[in-house]
Amino acid sequence: MKLAIVGRPNVGKSTLFNRLVGKKIALVDDQPGVTRDRKMAEGRLASLPLSLIDTAGFENVKDDSLEARMRAQTEAAIAEADLVLFLVDARVGVTPEDETFAALLRKANLPVVLAANKAEGRAGEAGVFDAFSLGFGEPVGLSAEHGEGMAELYDAIRNAL
Ligand code: GDP
Ligand code: MG
């Protein structure tokens, strides 16, 4: 099963990718928008083997606006993946970029699981709830950094397949 992790810069895609792969392959960066390559690796979530696609980067997109990069990211995910994991930041809440992604993903004929990352502690609760507004059902509250919400993510992925 090929799973593409999609979302705007800095939501924690690479952190989650690394956690599921069990190795630090993707470069985690505090600065959004820094050059990163798209990475693919074999990982697993409990008993479920996953081919993971971290869709950051796309520096070679001709028009390098954020919107163009988001579109390229989404198109690559649609071309390659069986399922999209759409990641948002529970501490920031839903942004216009998240809404752009949501609109692009809605047009794709692909199952989407929505997760709100950085949801550890009280600070994340409101942001997880906020993500309901994106229209992909109940968001999974996650902490890629602390390994929280992985059982809920597993259930959501199994239900979406
Ligand atoms: P990407 O741009 O979406 O790939 O995001 P990164 O994985 O590079 O992470 C961006 C920043 O968010 C880094 O500083 C991470 O350490 C931080 N981060 C990732 N996951 C979590 C999390 O679960 N909780 C918190 N508090 N920070 C996180
Ligand atoms: Mg990244």
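Modeller: One term before we start: two strands pair if DSSP finds at least two bridges between them. And keep in mind that this is a predicted model.

Biologist: Fine. How do S2 and S3 pair, parallel or antiparallel?
Modeller: Antiparallel, over seven bridges. They form a hairpin, with two residues between the strands.

Biologist: Which residue in that turn has a positive phi?
Modeller: Ala46, with phi of about 50°.

Biologist: And what is the bridge partner of Gly43 in S3?
Modeller: Leu50.

Biologist: Switching to H5. Which residues are buried there?
Modeller: H5 covers residues 150–160, and Leu153, Ala156 and Ile157 are buried in it.

Biologist: Why are they on the same side of H5?
Modeller: Because they cover an arc of only 100° around the axis. In general, an α-helix has 3.6 residues a turn, so residues three or four places apart point the same way.

Biologist: What exposed residues does the face turned away from the buried side carry?
Modeller: Ala151 and Asn159.

Biologist: Now the ligand. Which residues come nearest to ligand 1?
Modeller: Gly12, Lys13, Ser14, Thr15 and Glu145, out of 19 residues around ligand 1.

Biologist: Which helix gives the most to that shell?
Modeller: H1, residues 13–21, with three residues.

Biologist: How many are nonpolar, polar and charged?
Modeller: Five nonpolar, eight polar and six charged.

Definitions and conventions:
Residues numbered from 1 in each chain as written. Chains lettered and ligands numbered in written order. Predicted model: local features only at pLDDT ≥ 70, side-chain atom pairs only at ≥ 80, totals over all residues. Buried ≥ 20, exposed ≤ 12 C-beta atoms within 10 Å, placed from the backbone. Helix = DSSP H or I, 4+ residues; strand = E, 2+ residues; numbered from the N terminus. Arc of directions from axis to C-beta. Near = placed C-beta within 6 Å. Nonpolar A, V, L, I, M, F, W, Y, C, P; charged D, E, K, R; others polar.
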